[in-house]
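Dear colleague,

I am passing the structure below on to you, with notes on what was found in it. Please read them with the model open beside you.

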Amino acid sequence: MTELYAIARATEIADKIFEFWITAPHVARHARAGQFVVLRIDEHGERIPLTISAVEGDLVRVVFMAVGKTTTQLSSLGAGDAIRDVAGPLGKPSEIEQYGTCMVIGGGVGIACTPIIAQELKRAGNKVIGVIGARNESLLILEDELRAVCNELVVCTDDGSKGFHGFPADILKQRLAEDTLDAVWIIGPAIMMKITSGATRPYGVKTFVSLNPIMVDGTGMCGSCRVTVGGETKFACVDGPEFDAHEVDFDELMQRQRIYTAQEQESMGRYHEHTCRCGEGGARHE
Amino acid sequence: MSKRPASERIQDFREVDQGLSAEEAVAEAARCLQCKKPKCVEGCPVTIDIPGFLADVAAGNFREAARTIKQDNMLPAICGRVCPQETQCEGVCILGIKDKPVSIGSLERFVADWEYDHGVELPEVAPSTGKRVAVVGSGPAGLTAAAELARAGHSVTIFESLHEAGGVLTYGIPSFRLPKDVVAREIEQVLALGVDLKLNHLVGRSVSVDELLAFDAVVLGTGAGLPYFMGIEGDNLNGVYSANEYLTRVNLMHADRFPDFDTPVVRASRVAVVGAGNVAMDAARVARRLGARVFLIYRRREEDFPARAAEIENAKEEGIEFLTCANPVRILGGPTVTGIECVRMEMCEPDQSGRPTPRPIEGSTFSLDVDAVIEAIGQGPNPLLIHLIPGLAIGRKGNVEVDGEGKTSLSGVYAAGDVATGAATVIWAMGAAKQAAQRAARAIDRMLEES
Ligand SMILES: Cc1cc2nc3c(=O)[nH]c(=O)nc-3n(C[C@H](O)[C@H](O)[C@H](O)COP(=O)(O)OP(=O)(O)OC[C@H]3O[C@@H](n4cnc5c(N)ncnc54)[C@H](O)[C@@H]3O)c2cc1C
Ligand SMILES: Cc1cc2nc3c(=O)[nH]c(=O)nc-3n(C[C@H](O)[C@H](O)[C@H](O)COP(=O)(O)OP(=O)(O)OC[C@H]3O[C@@H](n4cnc5c(N)ncnc54)[C@H](O)[C@@H]3O)c2cc1C
Ligand code: FES
């Protein structure tokens, strides 16, 4: 009964950003672009959602940034280690159709979600423009992989260390003024999705964002993930996570992401203290 | 049955009721009049031979008592603890007219716990039929259906989306009413019949509908886990929970032991719980154990509370404050909850069910300072899977439509428990699951005969 999910490969692909390939055949079999897993590292662990960023045979790839206790603990694991629980694929797949020209924008660790969407869009007969942005060159991830599945890729950095000096939103505005875009995906931090999606509103271009509220079960049974979309309460884990950007109440989303800030800091502090005392990284609850 | 004092029990999550000793059990069972036409059996949704097992207990033959109960109920340690006996077997006990009814629930629990301590006898399993049955959900309905079908010799797989089996027994009902080791050991007994349990499998996502329907029979036991919210201003403020979320964080994820366990829950000093059913009582008592002063808000009177009498009593003893004839109109604060605004209600002419209709009294709004709100106003059937199955008839309340024996509109697909009835009880889920499983087994038998 105790099924564990083995980590096949684990790599730090940028500062604090990790790529894990996890053996989870039940997830791999049906996973589609836009869906996620919920994982729990061990008996004491929290259930956290991570987007499925690629699939290969029985393996599912997740790319995550070590931002708090759970993601930091996860990053201390390596190939050969195992994760207690992986549930999925969860959420609705991206609405892949033949739109015409699509732009897929990834910001920060959100870039990880873009290749699988771009690939499915291209397969459905769309022209796909990829745009990725990060603070600086060292934080750009999966650039080659995304380039391979896009018709065109634009790279941006906030500090100009690589590609366009500025934000993906600037590229989006430019293209909206010059060409026709038929559908846009924006995936990244909530504030970036809010600002960037504002650009497509006056043009009435269909724009999808992938929302990341705090989740527990990820199966529609608790309402922790509730978001307001078009004035209605939706559960992001089952009604989303992708929604029409122009209908989303981003301020409420950002507010709800901060419910546990104090506890998150306490948890992280304790974890650091623990790992320091036990020596090098990887202190797992036993 | 002895209860731990309230002042002690609100300090922890250990069981409140301490159960009967063997001597107490024998004496209590001996009170049974052994009626010729036992009303208690009629009052039991799974028709346990109650006088039979009480006679066994009175004679000190606990092993035989366990056998008698388990002919009709695979999960007696659970039912003995959570069934609403006062409206079922004990409610119709003849002794109850003049005196106290026999404590049938406590005796059922005693027998189940005794059997566990003295070695459990597993029921016989028929030779393998080679037929595959899928059971979706591992709550009381799913577990019962799985046990029934495994005993008939079918190869049964339970799919459960969470990381632990048990459904509401695991994530909903707190351990001070139903210890988790009791749930775990009854689940083990079901698995010992050869049932395969696949956790972390959300059917409809991890398992496609086509894969599901490829089984020789399917039993849906996905429950009523969709929480409703009041839909009033402030519903999405930080610190507003559905009872399901609050209870899941604590019961399944152990947020009461944060930071030893990673899942947090808001540690409020004043909590409002809205609703007055079993779920509301559980949420209120959990909040109390997490150190809060707890107000339970209900729009009708105390005599109208839908919760079990014993749980209302327990909640009261533990210092939960009841605010009756009050209805929330707005949750105050931003971004975090600071209070709840309610309007007083007056009781008017009775509705069809005979209960008076509550009506708001104009100009009577008042507010209460709280830093968390838990909404326990009901749950609907889990919609995800049942809406993905083409042709599955769904009723007005979002429930799967079944005939009297658990058969759905699709051949080979059965449903039982809360997904078919809407939120109900453990024992009704089990009773219906047993029927659905037997109906499925008959259909498979016909398949086997024809081939
Ligand atoms: C559908 C979805 C897909 C996601 N995909 C990715 C991804 O591919 N890569 C990635 O790096 N991150 C992803 N996230 C965010 C990721 O789940 C959080 O970073 C992670 O839970 C943080 O946990 P922590 O303990 O390390 O940090 P904490 O210190 O606990 O929290 C840091 C921040 O993460 C958020 N968070 C905390 N707990 C949860 C939770 N249970 N559920 C959701 N958010 C939470 C909070 O807003 C918090 O402010 C996704 C979130 C959602 C909802
Ligand atoms: C807090 C609370 C207290 C209660 N107290 C009592 C009480 O004291 N006495 C009493 O008799 N009743 C009580 N009840 C009601 C009782 O628990 C339910 O009626 C009973 O659990 C219903 O059983 P079920 O098997 O139909 O569903 P559930 O117990 O809800 O189990 C359904 C299971 O299916 C799983 N599932 C759902 N969808 C899928 C899917 N697509 N794929 C895989 N798995 C899926 C869920 O994760 C869950 O584990 C209470 C309920 C609650 C919430
Ligand atoms: S995470 Fe529980 S309902 Fe979405």
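**Ligand 1**

A nitrogen atom of ligand 1 sits 2.9 Å from a polar backbone atom of A:Val63, a polar contact in the sense of a pair of N or O atoms within 3.5 Å (within protein, one must be able to donate a hydrogen and the other to accept it, and residues adjacent in sequence count only if both atoms are side-chain atoms). Before going further, please note that this is a predicted model, in which local features need pLDDT of at least 70 and side-chain atom pairs count only at pLDDT 80 or more, while totals for chains, interfaces and linings use all residues. Residues are numbered from 1 along each chain as its sequence is written, chains are lettered from A and ligands numbered from 1 in the order in which they are written, and side-chain values use heavy atoms, with hydrogens and water left out.

Two further backbone atoms are involved: a polar one of A:Thr70 is 2.9 Å from an oxygen atom of ligand 1, and a polar one of A:Met215 is 3.0 Å from a nitrogen atom of ligand 1. On its own ligand 1 has 850 Å² of accessible area, of which the protein covers 87% (Shrake-Rupley method, 1.4 Å probe; for residues, only the protein chains shown count as cover).

**Ligand 2**

Ligand 2 lies between chains A and B, and 37 residues surround it, with B:Val82, B:Ala141, B:Glu160, B:Arg177 and B:Asp418 among the closest; a residue counts here if one of its heavy atoms lies within 4 Å. A nitrogen atom of ligand 2 is 2.6 Å from a polar backbone atom of B:Val82, and a nitrogen atom of ligand 2 is 3.2 Å from one of B:Ser161. The protein covers 97% of the 1000 Å² of accessible area that ligand 2 has on its own.

**The interface of chains A and B**

The contact (heavy atoms within 4.5 Å) takes 48 residues from chain A and 43 residues from chain B. Together the two chains bury about 3900 Å², 52% of it on carbon and sulfur atoms, where buried area is the accessible area (1.4 Å probe) lost on putting two parts together, summed over both. The rule finds three salt bridges across this interface, each a side-chain nitrogen of Lys or Arg within 4 Å of a carboxyl oxygen of Asp or Glu. The side chains of B:Asp260 and A:Arg270 form a salt bridge, at 3.0 Å from N to O.
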